[in-house]
Amino acid sequence: MKKDNKRVIYWLLTGCALIFIMVIVGGITRLTHSGLSISNYKLISGTIPPTNEVEWEAAFELYKQYPEYKKLNNHFSLQDFKDIYFWEWLHRVLGRFIGLVFILPFLYFLITKQLTKPTIKKAIILLFMGGFQGFLGWYMVKSGLVDRPDVSHYRLAAHLTTAFLTFAYTFWVALDLIFPNRKERDTKFRNLVRFTLIILVLQIIYGAFVAGLDAGWIHNHWPMMSEGKLIHETVFIEQNPIYKNFIEGKSGVQFVHRTLAYFVVFLILVLWKKSRQLVRTVNQNKGIYGLLIMVAVQFVLGVLTLLLQVPVWLGVAHQVGAFILLSTMVFTLHRFTK
């Protein structure tokens with residue numbers, strides 16, 4: 001049987017789709033404040049939720065021992081607990097399922113010799129990234145079970161960014177197999193696409209900071225941060241020393257996220273303008289125009305999310321927009337890489 005065949009490609013694309021779903025569920029989990037509802041970690045038995053009232057009461061009693069219940073949710077009924085438990089449980093089960101979808105077909109393809117050596121090496125990297133992503137999820141939740149009833153925004157950003165990067169690399173490996181023959185490309189333009197991708201990833205990290213600090217619920221104006229103020233004074237005075245305002249202060253982090261949004265739009269417009277000077281293939285055209293469409297959609301979603309004070313559906317849509325924009329950027333970079 002031919003190596004790196006269509007089955008391998010479908011396996012990788014299935015992984016991409018599952019990570020996409022995982023990110024959506026993760027976004028809902030965060031926006032509904034459900035992430036600390038399951039305070040213990042059981043790899044196997046944890047896949048089965050409580051099945052009767054006795055088990056539900058036991059799970060609820062365990063939840064009551066931790067800061068989120070004591071400091072924020074002590075008014076919760078059992079039904080309230082069940083509601084937040086569902087999203088965190090679904091998020092964890094999806095993570096386990098994705099692990100199986102990666103590992104079992106990989107072993108099958110390996111045994112049946114359907115993978116080339118380069119693909120084997122890339123698949124091993126993917127498995128490592130997936131395992132590390134699971135570890136970061138546990139590490140993130142752990143930070144909200146000690147003193148404060150919320151997870152560290154640094155750990156949240158690491159968890160979310162690793163998910164995006166795992167998807168991006170999985171998609172890249174699939175593209176390598178879909179387009180095995182690549183021609184020499186314009187090096188300067190490729191480097192500009194790479195730089196834009198780096199800025200986009202930085203913007204995604206700051207999006208996670210905004211989510212982790214609940215910074216989307218303040219300064220709900222646009223284009224000003226507040227009425228008559230392009231830059232709110234709290235951007236610079238919340239934290240000491242001053243640099244901490246831009247990594248730990250709500251106002252400062254939101255300001256950076258807003259500013260990077262303009263920068264991402266500008267860079268994609270530059271890519272479009274410079275690409276017009278090149279002889280482009282059909283797929284390169286799709287990538288460039290896909291970027292123009294998605295950055296416009298994502299920008300509008302970001303503004304609406306801010307103005308409407310982060311309703312769950314819009315917050316999730318904004319996260320999905322970031323995911324699709326990253327996918328389009330990876331596709332474009334691949335098509336302009338030799």
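A polar contact, as I use the term, is a pair of N or O atoms within 3.5 Å, and within protein one must be able to donate a hydrogen and the other to accept it. With that in place, one caution: this is a predicted model.

I'll start with a case of that contact. The side chain of His 159 reaches the backbone nitrogen of Gly 137 at 3.3 Å. His 159 sits in helix α6, which runs over residues 153-178. Is His 159 buried or exposed? The cut-off for buried is under 20% relative accessible area, and His 159 counts as buried because its value is 10%. Setting aside residues up to four places away in sequence, His 159 touches His 91, Gln 133, Leu 136, Gly 137 and Met 140.

Next, the nonpolar cores. The largest has 67 residues, and those with the most contacts inside it are Trp 11, Leu 12, Phe 164, Ile 268 and Leu 326. The elements giving two or more residues to this core are α1, α4, α5, α6, α7, α9, α10 and α11. Which of them gives the largest share? That is α7, with 12 residues. Taking Leu 12 as an example, and leaving aside neighbours within four places in sequence, Leu 12 is in contact with Leu 126, Thr 170, Val 173, Ala 174 and Leu 177.

Helix α10, residues 282-307, has 26 residues and spans 38 Å from first C-alpha to last, close to the 38 Å expected at 1.5 Å a residue. After α10 comes Gln 309, with a positive phi near 60°. Helix α11 has 24 residues and spans 35 Å, close to the 34 Å expected. It is also mostly covered, with 19 of the 24 residues of α11 buried.

Now Val 253, in helix α9. Val 253 is buried, because its relative accessible area is 0%. Not counting residues up to four places away in sequence, Val 253 touches Tyr 206, Phe 209, Val 210, Leu 213, Asn 245, Phe 246, Ile 247 and Glu 248. Thr 332 lies 79 residues from Val 253 in sequence, and the two C-alpha atoms are 29 Å apart in space.

On to the loop between α7 and α8, and two residues in it. One is Ser 226, which counts as buried because its relative accessibility is 13%. Beyond its neighbours within four places in sequence, Ser 226 is in contact with His 221 and His 232. The other residue I picked from this loop is Ile 231. At 39% relative accessibility, Ile 231 counts as partly exposed. Which residues does Ile 231 contact, leaving aside neighbours within four places in sequence? They are Met 225, Phe 236 and Phe 255. For Phe 255, the separation along the chain from Ile 231 is 24 residues, and the C-alpha atoms are separated by 7.5 Å.

Last, a pocket. The second largest pocket holds about 330 Å³ of space. How many residues line it? There are 21, and Asn 40, Lys 42, Pro 50, Ala 59 and Tyr 85 lie nearest the centre. The elements that give two or more residues to the lining of this pocket are α2, residues 53-63, and α4.

That is what I have on this model.

Technical notes: Residues are numbered from 1 along each chain as its sequence is written. This is a predicted model: local features need pLDDT of at least 70, side-chain atom pairs count only at pLDDT 80 or more; totals for chains, interfaces and linings use all residues. Side-chain values use heavy atoms; hydrogens and water are left out. Helices (H or I, at least four residues) and strands (E, at least two) are DSSP runs, numbered from the N terminus. Buried means under 20% relative accessible area, exposed over 50%, partly exposed in between (1.4 Å probe, protein chains only). Contact means heavy atoms within 4.5 Å. The expected span of a helix is 1.5 Å times one less than its number of residues. A nonpolar core is a set of buried Ala, Val, Leu, Ile, Met, Phe, Trp, Tyr and Cys residues joined through side-chain atoms within 4.5 Å. On a 1 Å grid over the protein atoms alone, a cavity is a set of points where a 1.4 Å probe fits but cannot get out, and a pocket is an open set with protein on both sides within 12 Å along at least five of seven lines; lining residues have an atom within 4 Å of a point. Grid points are joined across faces, edges and corners, and a volume is the space filled by probe spheres set on the points.
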